[in-house]
Amino acid sequence: MSTILAIDTSTEACSVALLYQNEITHDFLVSARDHTKQILPMVDKILKQSDCLLSQVDAIAFGQGPGSFTGVRIGIGVAQGLALGIDRPMIGVSTLMTLAQGALRLNQAKNVIAAIDARMNEVYLGQYQYVNEQWQAMIDECVIAPEKVADKVKRKCTDDYYSAGTGWQTYPEMLTDIKSSDLLLPHAQDLIIIANQKWQRQELVNVEDVEPTYLRNEVTWKKLPGR
């Protein structure tokens, strides 16, 4: 049995989960500006609750984005520090796919269109189908204007589709004919399920090779008057 510690700070949520002795312990907190203060105490709390030492962990999983530029960097930085300290590999998991896993947990959803508010009148978009107990991406993850979402996604009229993520709260007009999972933010308890599948397939990454997923390569900043 694998022991995996998962960390996600890619959105407003600060989330930690531990898979140990085939049980998942998790903690979740919405803390938009305190990720750096909250995440390590949450890790300590989870390890103590499970009576597990950090040195017993086989791999560190992390939310690799897309999401908040700062949040993604904080999560990866903390995960890298922990992985370096115990000389363990890492497992990157898509934030959007994590949302799909959450919709499966809450609504038994097997066709999920995940969207995260990307600001600048855009959303991060992913579409997933649950086949043979794992998620398959139906489109490439992208950053897209809300009015273009309907043309981007692929749907069959015979399937039930669920939404997940903050994008739907911000732009409810994107697709009005799909069901809502009411899941807005990614949870590490869902991330760790995908991470464990990746562990079994040995889809691991070395600490020095970790790459975040930003999707938006260039951000134009407007200088405020008088600054």
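Analyst: Contact here means heavy atoms within 4.5 Å. This is a predicted model, where local features need pLDDT of at least 70 and side-chain atom pairs count only at pLDDT 80 or more, while totals for chains, interfaces and linings use all residues. Residues are numbered from 1 along each chain as its sequence is written, and side-chain values use heavy atoms, with hydrogens and water left out.

Let's settle on Gln189. Leaving aside neighbours within four places in sequence, Gln189 is in contact with Ala17, Ile24, His26 and Arg105. With a relative accessible area of 16%, Gln189 is buried (buried is under 20%, exposed over 50%, partly exposed in between, using a 1.4 Å probe and protein chains only).

Gln189 belongs to helix α6, which covers residues 188-200. Helices (H or I, at least four residues) and strands (E, at least two) are DSSP runs, numbered from the N terminus. Helix α6 lies across β1, β2, β3, β4 and β5, and runs at about 130 degrees to β1. For such angles, axes are lines fitted to C-alpha atoms, for helices over the stretch in contact, and the angle between N-to-C directions runs from 0 to 180 degrees.

So what does the sheet under discussion look like? It is an open sheet of 5 strands in the order β3-β2-β1-β4-β5, with mixed pairing. β3 (23-30) and β5 (90-93) stand at the edges with a single partner strand each, so one side of each has no neighbour in the sheet. From one strand to the next, the twist averages 15 degrees. Two strands count as paired if DSSP finds at least two bridges between them.

On one side, β1 (residues 4-8) runs parallel to β4 (residues 59-63), with 4 bridges joining them; Ile7 has Phe62 as its bridge partner in β4. A hairpin makes the link from β1 to β2 through 4 residues. Because 5 of the 5 residues of β1 are buried, the strand is largely enclosed by the rest of the structure. Ile4, Ala6 and Asp8 point one way from β1, Leu5 and Ile7 point the other way, and all are buried.

Cys14 is in none, and the nearest cysteine sulfur, in Cys52, is 19 Å away. Seen from Cys52, the closest cysteine sulfur is that of Cys14, and 19 Å is too far for a bond. Cys14 is buried at 0% relative accessibility, and Cys52 is buried too, at 5%.

A few backbone details are worth a click. The peptide bond from Gly65 to Pro66 is cis, with omega near 5 degrees, and Pro66 is found in the loop between β4 and α2 (69-86). Met120 has a positive phi, near 50 degrees, though it isn't a glycine. That residue, Met120, lies in the loop between β6 (111-117) and β7 (123-131) and is partly exposed, with a relative accessible area of 46%. Back past our helix, Gln202 is found in the segment after α6, and its phi is positive as well, near 60 degrees, again in a residue other than glycine.

Last, confidence. pLDDT is the predictor's confidence in each residue, from 0 to 100. The chain's mean pLDDT is 93, and 95% of its residues reach 70 or more. Over residues 218-227, though, pLDDT stays under 50, and the model has 1 contact beyond four places in sequence for that stretch.

Conventions: A disulfide is a pair of cysteine sulfur atoms within 2.5 Å.
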